Structures are given as structure tokens and as C-alpha cells.
Amino acid sequence: MAVADNSFSMSTMFNALPYSKGISGFIPPPGFAPRASATPLHAALFNLMTDGEGVSYFKGMISKSDKTVLQRMASLLTSDSDYFMAIVTNKYGSRRVQKLLGKSADADALFCAAILRRFLHITTDKYASYVTIRAMVVFDKEMKKAMYEHILYHALDLACNQHGCIALNDIITDADDPYYRDQILDLIAKNARCLSNDASGNFVVQHVLTLYDLRITHDIAVNLFGHCVELSSKKYGSYIVEKLLEAEESMVVVVAELLECDGDRLMRLARNEFGNFVVVKALRFTKEMSRIDQFWGLVQKLMPFIHLLRRSHGSNIANILDSFRLRC
């Protein structure tokens with residue numbers, strides 16, 4: 001693509017790119033299966049974007065480029081979905097595409113379209129997911145709206161993915177649109193049970209609880225009611241229940257379930273390597289928040305098993321019970 005204006009054309013950029021001299025034909029970059037329309041410039045640009053030793057060259061080139069140049073570069077980078085994926089799934093390629101975002105509205109429009117075409121694949125990739133995260137910070141309102149629609153549609157798939165859950169958590173943290181933020185949080189709360197039992201999804205539930213949104217926290221607690229004891233006996237599930245105990249609105253829901261289970265089951269939870277932390281926290285927070293009825297309810301259920309608690313992970317619980325027995 002030649003341009004007649006002045007400072008830039010694709011051919012002059014090609015001549016300036018590293019590793020381009022001496023290339024007489026198209027040499028496909030690793031991980032990219034070129035279409036018939038691919039050119040030697042694609043290979044040179046791929047090298048520029050993904051070479052681990054080309055950091056300073058890339059920075060220098062971008063610092064001297066105007067918006068027209070950036071748009072042409074974005075046009076080439078996004079001209080083929082497979083080509084774009086091969087770049088953004090590369091460690092260095094992802095970082096350099098992130099550097100290009102937010103510098104030109106026209107270039108951003110091209111990047112936005114490219115991300116949306118492969119949204120789920122990009123946002124669940126170890127490196128490419130950071131392109132989505134960066135895009136949600138720097139894109140304009142209309143582009144973000146289109147991105148939010150895809151995030152909302154794929155939210156549960158992202159939450160249950162090793163890398164997608166990290167991206168979703170970052171997107172939730174930085175969400176600047178109240179409508180879409182609430183929609184995403186409501187979806188997480190509604191699906192709290194399945195997410196809490198998922199190896200990746202539980203991290204999203206934990207993250208949402210750290211936002212200390214009382215409405216969402218209460219909704220999560222209500223949707224987990226009847227499953228808190230089971231979750232408390234698991235490593236990551238216990239983290240979720242512990243966080244629910246930190247807010248009074250959700251604490252009363254969790255403790256109500258603990259009080260509903262029979263004494264033997266509560267005793268087994270108190271002796272569990274993870275559950276004992278939940279029971280300790282339930283005792284501590286019911287007392288600190290002056291929920292005396294719930295506090296004494298727990299004490300009375302646990303007291304008959306104090307001798308068993310002393311010889312297990314529940315020793316801290318036994319100490320708490322001892323302290324109150326002595327006072328009485």
C-alpha cells in the first residue's frame with residue numbers, strides 16, 4: 001500500500017523494519033499460517049512486534065509515528081484474524097499491541113473490531129488477555145460499550161477459565177460504566193454457587209466480595225445459603241465463606257446455616273483443616289457485631305464436643321469455648 005504524502009508508506013516502513021533486508025519472498029512467522037493476501041511486510045511486522053530483543057527499536061519507532069502512521073500499522077496488524085492472534089498471544093506481541101492502544105481513535109476502532117472477532121479466545125489467553133484489559137481502560141465510550149456486551153455474554157466462560165478469571169477481575173475493578181458493572185456483578189451473584197465450586201470461578205467470587213458492595217454481597221450469601229457448610233470444608237470455598245462473615249448483611253445468612261446443621265456436622269466442620277477458620281471467624285464476628293443470639297447458639301452447639309476440638313484443627317475453637325465457660 002503506497003502513499004503519496006510524505007513521511008511514511010508501508011514500503012518505507014518495511015525497509016526500516018529489522019530482519020527485512022535480504023528477504024526476497026514471504027517467510028511465514030512461527031504460529032501464523034498466511035493467507036494468499038499476506039505480504040513480506042506481514043512477516044517483517046510480525047518480527048517487529050514479537051522479537052524479544054526489539055523493545056528499544058519498537059519504542060523509538062512508535063515515538064516518531066503520528067496518528068496516520070499508527071492507523072496504517074493497526075490496519076496491517078488487524079487485516080487477518082489469525083495473524084492478529086499470532087501476535088497478541090505472543091508475550092512481546094501482547095505488550096506492544098497494548099502500547100498501541102489509546103493513541104489514535106481510528107487505530108483503536110480497528111483494534112476493537114479485531115478483539116471482538118476473537119473475543120473469547122483473546123480474553124482467555126495468558127498473554128492476549130492483557131490486550132482486552134488494556135482496551136477496557138483506554139477505549140472510548142462507544143467501543144467500551146461493544147466490549148462490555150461481549151464481556152457480559154461471555155462472563156461465565158471467562159470466570160471459569162484460568163486466565164479469563166484474571167482478566168474479568170481486572171475488568172470489574174476498572175469498570176467505569178455503572179449499568180454494565182451492575183449487570184456483571186448481578187450475573188456473578190446469581191451464579192455464585194457454580195462459580196464458588198469452580199477452580200477459577202471461585203477467585204472471581206472472592207474478588208467481587210472484596211469490592212464490599214453490600215447489595216451484591218448479600219445476594220451472593222443468599223444464593224450460597226444451604227451450601228456454606230460444604231464450601232467451608234474446601235480450601236478456596238472457605239475463603240469465600242470467611243469473606244461473607246466480614247459483612248453483617250451476609251454474616252447473618254451464613255451463621256443461620258451453621259446453626260441449622262446438627263451439632264455433629266458443625267463439630268466435623270470445626271475440626272476440618274479449612275472449616276475451623278470459618279467457625280472461629282463466625283464466633284468472633286457474631287460477638288463483635290453484637291449478634292449475641294447467634295454467638296451463643298454456636299457456643300451451645302459446639303460445647304458438647306469441646307474435648308474432640310482440643311485434639312484437632314479445632315483447638316482454637318476449644319480455647320474460645322473454654323474462655324467463655326470459665327466466665328460463666
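This report describes aromatic ring pairs in a predicted model.

Local features here need pLDDT of at least 70 and side-chain atom pairs count only at pLDDT 80 or more, while totals for chains, interfaces and linings use all residues. Residues are numbered from 1 along each chain as its sequence is written, and side-chain values use heavy atoms, with hydrogens and water left out.

Rings of Phe, Tyr and Trp (for Trp, its six-membered ring) are paired if their centres lie within 6.5 Å, and a pair is called stacked with planes under 30 degrees apart, edge-to-face over 60 degrees and tilted for the rest. By this rule there are seven aromatic pairs, among them the tilted pair of phenylalanine 84 and phenylalanine 111. Its two members sit 27 residues apart, with phenylalanine 84 in helix H5 (residues 81–88) and phenylalanine 111 in helix H7 (residues 105–117); helices are DSSP runs (H or I, at least four residues), numbered from the N terminus. Phenylalanine 84 is buried at 2% relative accessibility, and phenylalanine 111 is buried at 1%, where buried means under 20% relative accessible area, exposed over 50% and partly exposed in between (1.4 Å probe, protein chains only).

Phenylalanine 203 and tyrosine 236 form another tilted pair, which links helix H14 (residues 201–209) to helix H17 (residues 235–244) across 33 residues. Here phenylalanine 203 is partly exposed at 36%, and tyrosine 236 is partly exposed at 35%.

| Pair | Centre to centre | Angle between planes |
|---|---|---|
| Phenylalanine 84 and phenylalanine 111 | 6.3 Å | 35 degrees |
| Phenylalanine 203 and tyrosine 236 | 5.1 Å | 55 degrees |

Ring pairs also join Tyr148, Tyr179 and Tyr180 into a cluster.
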